[in-house]
Structure formats: C-alpha cells, structure tokens
Amino acid sequence: MLSPTETARYERNSNAAAGYCAACTKPLSGETYFCDECAHEAYVETDPNSRMNDDN
C-alpha cells in the first residue's frame, strides 16, 4: 500500500505523462509539467526576495 506522499507523487507523475498539469490537471501543450498559472504561483511562493514585479 502506498503512503499519502507516494500516492501524491504517483498522481503527479501520471498526470504529467498524460499531458496534464501536475498541480491542477489542466491539459498542457508541449513538453511542460505545469500550466503557466501554477508555475507562476510556485515561483511567487518560492521567491527568495519575497517580492515579485511584473517586469521580472
């Protein structure tokens, strides 16, 4: 039986292999793993300077 962490990892990998966003499961075009919205949210959450401008 898979642990919750292993289950989540399996679902993300399966979604990415099927061509869906690993975070929200929207269909993707091209060879990406996340849609633009999820990628932007992840960047903002991990921004080392804790700030984000439209120019950056």
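Q: Is Lys 26 buried, exposed or partly exposed?
A: Lys 26 counts as partly exposed, at 36% relative accessibility, where buried means under 20% relative accessible area, exposed over 50%, and partly exposed in between (1.4 Å probe, protein chains only). This is a predicted model, in which local features need pLDDT of at least 70 and side-chain atom pairs count only at pLDDT 80 or more, while totals for chains, interfaces and linings use all residues. Residues are numbered from 1 along each chain as its sequence is written, and side-chain values use heavy atoms, with hydrogens and water left out.

Q: Which side chain meets that of Lys 26 in a salt bridge?
A: Side chains of opposite charge can pair when their charged atoms come close. A salt bridge is a side-chain nitrogen of Lys or Arg within 4 Å of a carboxyl oxygen of Asp or Glu, and here Glu 37 meets Lys 26 at 2.6 Å, N to O. Because Glu 37 lies in helix 2 (residues 36–45) and Lys 26 in the loop between helix 1 (4–18) and helix 2, the pair ties together parts that are eleven residues apart in sequence; helices (H or I, at least four residues) are DSSP runs, numbered from the N terminus.

Q: What is the phi of Thr 25?
A: Most residues other than glycine have a negative phi. Thr 25, in the loop between helix 1 and helix 2, has a positive phi near 65 degrees.

How values were computed
Helices (H or I, at least four residues) and strands (E, at least two) are DSSP runs, numbered from the N terminus.
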